[in-house]
Amino acid sequence: MQHTTSSAAPIVSLRDVQKSFGPLKVLDGVSFTVARGEVLALIGRSGSGKSTALRCIDHFETIDGGEITVCGRRVDAPDVDLRALRQDVGIVFQSYNLFPHLTIEQNITLAPRAVKRMPLTEAKALAREVLAQVGLEEKLHAYPEQLSGGQQQRAAIARSLAMQPKVMLFDEVTSALDPELTGEVLKVIERLAADGMTMVMVTHEMAFAKGIADHIVFMHRGKVHETGPASMLASPQTPELAQFVGTGL
Amino acid sequence: MGGHLNPNHLIFLGQGALWTIGLSAIALIGGGIVGFAVALARISPLKTLRLCSGAYVQIVQGTPLLVILFLGYFGLSAIGLSLSPLTAASASLSIYVAAYLGEIWRGAIQSVPKPQWEAAEGLALSRTQRMMMVILPQAVRIATPPTVGFMVQIVKNTSLASVVGFVELMRSGQIINNSLFEPFLIYAIIALVYFAMCYPLSLFSQRLERRMGRGRARLQPA
Amino acid sequence: MGVTLDFQAVLERWPSFFSGALLTLELACFATLCGGLLGTLVAVGRGSHNRLIAASCKAYVEAIRNTPLLVQIFLVYFGLASLGLKLSAFTVAVAALTINVGAYTAEIMRAGFEAIPTGQIEAAEGLALSRLQIYWHIILLPAIEKVYPSLTSQFVLLMLASSVCSQISAEELTAVANYIQSDTYRAFETYIVVAVIYIALSLIMRAGFWGLGFVLFPRRRRLGTSL
């Protein structure tokens, strides 16, 4: 059980990760790291393995080989402490997955109260705070179905933020939204990045990724084909990336 | 006095089981015919038909089957109309089954997609022709899984006919118990026999339902 | 041959009908509570990773659903007696009805559990909630809300089925009817009156469940929509 406390150590590190779904090899030696405060964008075609790689970080998929380390702890270890991992990692899904039977406030206060045993008044104050961060204070007592898609996604981000994670994972969070609603969500993510949150995002929004990512990882058929700063998109080294960028996404 | 369970007892139980199946069939057929009429009445354009059949269903579904059986056997005989246990049980069960099957079949008819009704109207078919040639054939497919499932209820409900003296499986068991005094053993055997009759029907109904689900998915409009 | 109906003689016995109806409602309430709890636990058990638990739960459900209530009541009655337990007819009736409705409730709840989208369970896992917390906050209450109409119907059917308990001398409404008709020789009128009372009891139960739903499901109360 390695436990490094040096601030220079990456918060998330994948080393030679292998994963297969039956005969299909989805991840074939994937490696990358994310330093504190860094924003990493995972891009690639559907089926390239990028979503799977992201889900492996938060142990929503188990890996067949390699190592994944988050905040100094090995995620692939058989005795991994999932509850500790998921307090350090916040994840936002494509389909928001807000709890429909709870108000937005209850959605947000549920985990802090149940997991961290936070008292109700403190949790409510926290809810107000994170909702203000995403610009939704007035929706405190609304139910998810009363919100638009963009608002629901922002509320989902607030819900994850309430657990004060050290790193946030975004799994194609704007893909299910109507085009005019993606802007409000991207703005929230931009602010989070500016505030220094460590982030890994799987996204199709190329312009956005170019804008805020410190580091881009291009995946193709389960392998990392290219990795580098946003400028690499302008001068692809491999034909696959050239084709991917060329399709004008 | 005393004695042990011997093959004669089992044969007697077997005869009871045959009567259970027989009574179930009578209830299914009798209740099915009336139930079909009820289903049609429930969707009739005539308001009185709809209300009357609706009231019938509400009343029967709000009354325990045992009370209906008592009404048919003791009640009718008290006002001068004396029926044999078989007749009383058959009539009561048929009335009971008709209400439930009527509702199941009404639901099936109303589940036939609206476009089908409209297409049939558009082809200038009369109401009877629409029902017979377009709607009912499709409704039959939708209605089959829940109807088979309800047949399990019918078989189980025949056990109540024992209370008005009809000698089906349950009553056979009670008669045997009066000489053997081994109630737990006898009723355990009876339970097994009912299970053997009902479980295959349940499985069949579940299989039909799964197949319906898949078939429905393929039938999505082009 | 004229048929004269004399409801007066029967309606005079309204105190007996009242106590019978009360006992029927009591039977129904106790069995609903205990059976609802049992059914929910069995539904959870069916999803268990432990194959023995999952198989036992399925066996219990199939055994109950494929045998008549009358047989189950007699098995419980004679079974408990052979164990040397001297219980009141009421207790035996509640036990048998609980075991019976538990199986049907388990099936209904299982459908409710399966209707919870996996995405929500994943989101709850991502928030570090424990398995038990997820069941309680994310699965149980929404599942009950989804299947509430089925549950209501099931428990009303239970109340009607309690009439079978007259066969083990529980003094519920049907037993009262049997006694009164043998006393007044007015079987037809007696059973008509009792049928009307049962219909009234069904309506009372449905109204009760509707009210309970009002209290339990604030979202539905505020928005008027179903999950």
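In which sense, parallel or antiparallel, do β9(A) and strand β10 (residues 223–228) of chain A pair?

1. First, the ground rules. This is a predicted model, in which local features need pLDDT of at least 70 and side-chain atom pairs count only at pLDDT 80 or more, while totals for chains, interfaces and linings use all residues. Residues are numbered from 1 along each chain as its sequence is written, and chains are lettered from A and ligands numbered from 1 in the order in which they are written.

2. Chain A overall. Chain A holds eight helices and 10 strands; these are DSSP runs numbered from the N terminus, helices being H or I of at least four residues and strands E of at least two. Its radius of gyration is 18 Å, close to the 18 Å of the globule rule for 249 residues, so chain A is as compact as a globular protein of that length. (The radius is taken over C-alpha atoms, and the rule is 2.2 Å times the number of residues to the power 0.38.) The C-alpha atoms fill a box of roughly 55 × 45 × 35 Å along the principal axes. Buried residues make up 45% of the 249 residues in chain A, where buried means 20 or more other C-beta atoms within 10 Å of the residue's own, exposed 12 or fewer, and partly exposed in between, with C-beta atoms placed from the backbone.

3. The open sheet. Four strands of chain A form an open sheet in the order β2-β1-β4-β5, with antiparallel pairing; two strands pair if DSSP finds at least two bridges between them. β2 (24–34) and β5 (73–74) of chain A are at the edges with a single partner strand each, so one side of each has no neighbour in the sheet. Strands β1 (residues 12–21) and β4 (residues 65–70) of chain A run antiparallel and are joined by five bridges, with E67(A) in β4(A) as the bridge partner of R15(A). Helix α1 (residues 50–57) of chain A packs on this sheet, touching β1, β2 and β4 of chain A, and its direction makes about 120 degrees with that of β1(A). (Axes are lines fitted to C-alpha atoms, for helices over the stretch in contact, and angles run from 0 to 180 degrees between N-to-C directions.)

4. Strand β9(A), back to the opening question. The pairing of β9(A) with β10(A) is antiparallel, over five bridges, and I216(A) stands opposite G228(A). Their hairpin has two residues between the strands, and R221(A) takes a positive phi near 50 degrees there. With strand β3 (residues 39–44) of chain A, β9(A) pairs in the parallel sense over five bridges; I43(A) stands opposite F218(A). Five of the six residues of β9 (residues 215–220) of chain A are buried, so the strand is largely enclosed by the rest of the structure.

5. Chain contacts. Two residues are in contact if their C-beta atoms, placed from the backbone, lie within 7 Å. Of the two pairs of chains in contact, chains B and C share the most contacts. No contact joins chain A and chain B, whose closest C-alpha atoms lie 24 Å apart.

6. Chain A against chain C. Here 19 residues of chain A are in contact with 20 residues of chain C. The largest share of the chain A side, four residues, comes from α3(A). That side divides into 11 nonpolar, four polar and four charged residues, counting Ala, Val, Leu, Ile, Met, Phe, Trp, Tyr, Cys and Pro as nonpolar, Asp, Glu, Lys and Arg as charged, and the others, Gly among them, as polar.
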